[in-house]
Amino acid sequence: MEEALRRELGTPVLRPTGHLGGGCISQGQSYDTDCGRVYVKSNSKAEARRMFEGEMASLEAILKTQTIKVPKPIKVIDLPGGNTLFVMEHLEMRGLNRHSAKLGTQLADLHLHNQQLGEKLKKEESTVGKGQGQMEVQFVDQFGFHTVTCCGYLPQVNDWQNDWVTFFAKQRIQPQMDMIEKNSGDREARELWAQLQLKIPSLFCDVEIVPALLHGDLWGGNVAEDDSGPIIFDPASFYGHSEQQLNQGMEKGMNSSLLKAGCWWTLRKKLLQFYKARKMFEGEMASLEAIQKTNIVRVPQPIKVIDLPGGGAMFVMEYLKMKHLNKCSSKLGEQIADLHLYNQKLGEKLRKEGSTVGKGAGHSESQYVDKFGFHTPTCCGYIPQVNEWQSDWPSFFIRHRLQAQLDLIEKDYGDREARELWSQLKLKIPEMFCDVEIVPALLHGDLWAGNVAEDDSGPIIFDPASFYGHSEFELAIAGMFGGFSSSFFSAYHSKIPKAPGFEKRNKLYQLFNYINHWNHFGTGYRGSTLNVMRKLLK
C-alpha cells in the first residue's frame, strides 16, 4: 500500500507517524511526506470509492465557503486488490471544548452562505443557476448535491429538487423506509409512514427555506478543535434545510433531564426494540456498580433497568454534565491504572491478613477476585459477551473473546481465510504470555474515546462492558481510533510499566476489536482483521 501511495502522491518521502485513527466505517493513518503531513483513510468495501468521492466533494464545497475549517482533501486512490484510499491534509485535533460557541457561529455562517450569495446576486440581477462543476462558489437555487454522498456507509441520492419537502421525503426518509421494508418488513412502520408522508407538507407551511450547504452528518464524533478554532470533518454534504443539521446534533450529542425525588437525573432512553435489551443494560449496570465500588474513577450512578410494555427496555442513571476529555487526560491515565491495580492491591492486603476471599461475586463489599471473568454477561456494542470464570487469562481470552467473535464471522460470512489464519494463530497465543504474571484487573471493557469525558471535578468514564481481565487489554482500543493524548498513556505507564512483549500482545488485543467491528459494521474491517492475524503469525 505504501509504495502505491508514494507513487500516486508523487512523493519520495512517506513515513508513518504512528498516529492511527478511524471509526466504525474506515481506518486511518497519518504519514509524513515531503509536502507535509497527510492523513490516509482506507476502506475495502466495494462502495468505498463512491463514499470517498462524496466525502471529497463535500469537503471541497465547505472549503470554498471559507466559513469553517475542514481538512483539505487531496486524492482518492484505488489500490490493487480492492482497497480504496482517501488522502487529505492531517490536522492536529482534540475534542471540541473551548470553541463550542465559535463552532455554532461558524455553522450558522455556513448555512447562511448560499442565502447571502443569492441576495448579492439579486442585487446584481444575475442569478446563476446551480453552479455545478464551476470553480467559483455560485448561488444554488435547488435542494440536492452534484454527487452521491454516504451517511455512514449508506449511499444517499442527491438528485436536485425544486422544493425541500419533496427532496426530504423522497430522498432521505423514503430510501431509509425502503431498506426497513426490505430487511424486516415491519408492518407498523409501513402503516405509520403511509399516514405520516401525507402530513409532512403541512409541517412546512409558511416557512421559507433557502437551500443551505450542510455538513450532513454533524454529530459529536465529527467535530473537533485546534488552537485556531473549530474543525469539522467526515461530511456527507448537500443543500438542504438548515434545521436538519441541528436535529443531528441534538439526537447524537444531548441528553434530556428530568426532576426526580428532588434531584436531577437523566433518563437515558437507550430504547432497544429487541429482546436482548434488558440483558445488555443489566450488564452495563453491573459494570457501573463494580467500577463505582472501587471509588477510583467517576461513573454515572446507575439507578434502574425498566422493561417497556411494547418490548425493549430503558436504563435510568444519574445525569452528569460532561464535556470532551481534554485537561484531565493525564488524570484519567492515572485513574485507569489505579482501577487496574485495585484488585491486585486487595489481594496483597488480604494475603497480609491471611484471609483471601474467593471471587466475591454479588457481595456488597469489594472482595479480591482470583479468576478471569465477571458475575454476569456484558455486551460490547450490541454483541453479548460470556464472562464465565476461568483460572487462566489465555483460556478466557481465546474462548470467550476471540473464538466467540470468530464464530459469528463463520456464521455470517464463512470466511475461509479468517478460519485458516485463526486455526494457526490460536495455537501460538499461549506463548505470548510466557513469563508474564497476570493478576485479574477490573476493566472498563470498551474504553474508546466516545466512552470517556470530563467535568470540572475530573475525568468520567461510561458505557462500560466490564470484566476481570488483563490490564493491557484495555489499552488496545484506547490506542486504535484516536482521542487519547500521549499524556494519558504516559500517566498510565508511570504506574503500570509496559511488560516484555507488550507490543505484540497489544496487536493481539487490537485483533479482538477489529473482529468485533467486522461483526458490527461489516466487511470494511475484514482487511484490518486479516492483516493483524498475519502479523501475529510472523
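At what angle do the axes of helix α11 and helix α12 cross? The structure is a predicted model, in which local features need pLDDT of at least 70 and side-chain atom pairs count only at pLDDT 80 or more, while totals for chains, interfaces and linings use all residues. Residues are numbered from 1 along each chain as its sequence is written, and side-chain values use heavy atoms, with hydrogens and water left out.

Helix α11 (residues 471-480) and helix α12 (residues 486-495) have axes that cross at roughly 170° and come within 12 Å. This makes α11 roughly antiparallel to α12 (angles over 145 degrees count as such). Ser471, Leu475, Ala478 and Gly479 of α11 meet Phe488, Phe489, Tyr492 and His493 of α12 (contact means heavy atoms within 4.5 Å). The residues of this contact divide into 5 nonpolar, 3 polar and no charged; Gly counts as polar.

A second pair is formed by helix α9 (residues 393-413) and helix α13 (residues 502-521), whose axes come within 10 Å and cross at roughly 30°. That makes α9 roughly parallel to α13 (angles under 35 degrees). The crossing of α9 past α13 is left-handed, a term for a near helix turned anticlockwise from the far one by less than a right angle. Among the residues that meet here are Trp393, Phe397 and Tyr413 in α9, and Leu508, Phe512 and Trp518 in α13. The contact of α9 with α13 comprises 13 nonpolar, 3 polar and 1 charged residues.

Away from these helices, the loop between α3 (100-124) and β6 (149-151) holds Gln142. Gln142 is buried, with a relative accessible area of 16% (buried means under 20%, with a 1.4 Å probe and protein chains only). The Gln142 side chain makes a polar contact with the Asn162 side chain at 2.3 Å (a pair of N or O atoms within 3.5 Å, one able to donate a hydrogen and the other to accept it).

Terms used:
Axes fitted to C-alpha atoms, helices over the stretch in contact; angles between N-to-C directions. Helix = DSSP H or I, 4+ residues; strand = E, 2+ residues; numbered from the N terminus. Parallel < 35°, antiparallel > 145°, perpendicular 65-115°, else oblique. Buried < 20%, exposed > 50% of the residue type's maximum accessible area, 1.4 Å probe, protein only.
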